[in-house]
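Welcome, and thank you for taking a look at this protein with us. Please have the sequence and the 3D view open as you read along.

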Amino acid sequence: MEGNSGDDQLYIPQVVDDRKPKIGMKFASLEEAFSFYNQYARESGFSARISNSKKNKANEVVWKKFVCFKEGHIDKTRSNKQVKCDQPKKERARGEVRTGCKSKISVVKNQTGTNWVFSTVMESHNHPLSTPSKVHLLRSHRNFSAAKKTLTQQFSEANMPTCQQMRLLEIEYGGPEHVGCTERDIRNSERTLRDEQKGIDAESLIELFEFEKEKNSDFFFDYETDSDNRFIRCFWADPVSRRAYSVFGDAVVFDTTYNTNKYGMIFAPFVGVNHHHQTIVFGCGFISDEKTESFVWLFNKFIEAMFKDKPNIIITDQDPAMTKAIATIYHIQ
């Protein structure tokens, strides 16, 4: 570290000489050049990023600049959002992201060959450098590989908390500095995966039903879509439930649970009681509304799925649409 005039300080990375970038160094590609600079940044204690570039008349990149992640300044106009006078401004507790750091490297393409050459090297920083125990947390030194994403996805499907996933990865890779990602990276990956699946959940459910049907032909399911091909209702019953109805299906309890899932679908189970006084499920459905038409469709599919006729008794609440649907099924005037 070197002192500067006034209160400013310059921080010089302490790296062995053969690991330092020097003017005239040659590399076979831009990727190789940045890889060298990023490794130097890791040993120095800062995060690197790719900045500006220049192209020739043939639209080929001939000049590139690598900088410290703290190069430049935050756009004050964008960051200082207008708030009401009677409301205090809330800010995240975080370190200064951009400090106007001048550390940089320029790399140019050799005019007589394919090599890339360091043409400018500035090592000094205007901010403290990270310690070896924390440098793995910096952005350019994190690598959340496809293999790790697949592994953490399997952990999530098993309902394993993110903190426990991180501990397992630390054990597997020999410490947090070797994992290559943070808990936030795992959470971001899970959120991205959920966003990608938002539009295909109905298709995934249908594929699951078809898969169960292939495994056992006694698995029953059906579904309907509206004029815009949106999923509006479905019903399913597995072989065990269908056999249970043939024995214990004289009395059926039917009720709906309103909007208790993120899709706004109404869960509608058909349940009964066996000879041990235990609750058993005969079938389940999802409907998008509580109209008579939806209940009639659901009751018809329930009766179609079962090996015996309609139940002698249906116990339910006094919902008018449900009552009308039951009367329609039983041909009650």
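This is a predicted model: local features need pLDDT of at least 70, side-chain atom pairs count only at pLDDT 80 or more; totals for chains, interfaces and linings use all residues.

How exposed is each partner? K215 counts as exposed because its relative accessibility is 54%, above the 50% cut-off. E212, with a relative accessible area of 25%, is partly exposed.

E203, E207, E210 and E214 gather on the surface in a patch of negative charge. One of these, E207, lies in helix α6, which covers residues 201-215. E207 has a relative accessible area of 53%, so this residue is exposed.

**Salt bridges elsewhere**

How many salt bridges does the model have? The count comes to 12 salt bridges. One of them joins D185 and R142, whose closest N and O atoms are 2.8 Å apart. D185 lies in helix α5 (residues 183-197) and R142 in the loop between β7 (116-122) and α3 (146-157), so this pair ties together parts that are 43 residues apart in sequence. D185 is buried, with a relative accessible area of 13%, while R142 is partly exposed at 27%.

Another salt bridge links E224 with R233, and here the closest N and O atoms are 2.4 Å apart. Is R233 buried or exposed? With 5% relative accessibility, R233 counts as buried. E224, in turn, is partly exposed, with a relative accessible area of 29%. There is also a network of salt bridges, in which D222, K301 and E304 are linked.

The table below gathers the three pairs described so far.

| Salt bridge | N to O distance | Relative accessible area of each partner |
|---|---|---|
| D185 and R142 | 2.8 Å | D185 13%, R142 27% |
| E224 and R233 | 2.4 Å | E224 29%, R233 5% |

Now turn to the strands. In general, strands of a sheet pair through backbone hydrogen bonds, either parallel or antiparallel. In this model, 5 strands form an open sheet with antiparallel pairing, in the order β3-β7-β6-β5-β4. Which strands lie at the edges? The edge strands are β3 (26-27) and β4, and each of them pairs on one side only.

Strand β4 (residues 48-55) and strand β5 (residues 61-68) run antiparallel and are joined by 6 bridges.

N59 is not a glycine, yet its phi is positive, at about 65°. Its place is in the loop between β4 and β5, and N59 is exposed, with a relative accessible area of 54%.

Where else can you look for a positive phi? H277 has a positive phi of about 65°, although H277 is not a glycine. H277 lies in the loop between β11 (266-273) and β12. At 72% relative accessibility, H277 counts as exposed.

**Into strand β12**

Just one more stop remains on this tour. I280 lies in strand β12, which covers residues 279-287. Is I280 buried or exposed? I280 counts as buried because its relative accessibility is 16%, under the 20% cut-off. Finally, I280 and F270 are 10 residues apart in sequence, and their C-alpha atoms are 8.8 Å apart in space.

Notes. Residues are numbered from 1 along each chain as its sequence is written. Side-chain values use heavy atoms; hydrogens and water are left out. Patches are made of residues with over 30% relative accessible area and no salt bridge: like charges are joined within 9 Å, nonpolar side chains (Val, Leu, Ile, Met, Phe, Trp, Tyr) within 5 Å. Accessible areas come from the Shrake-Rupley method with a 1.4 Å probe; for residues, only the protein chains shown count as cover. A salt bridge is a side-chain nitrogen of Lys or Arg within 4 Å of a carboxyl oxygen of Asp or Glu. Lys and Arg count as positive and Asp and Glu as negative; His and the chain ends are not counted. The place of a charge is taken as NZ of Lys, CZ of Arg, CG of Asp or CD of Glu. Helices (H or I, at least four residues) and strands (E, at least two) are DSSP runs, numbered from the N terminus. Buried means under 20% relative accessible area, exposed over 50%, partly exposed in between (1.4 Å probe, protein chains only). Two strands pair if DSSP finds at least two bridges between them.
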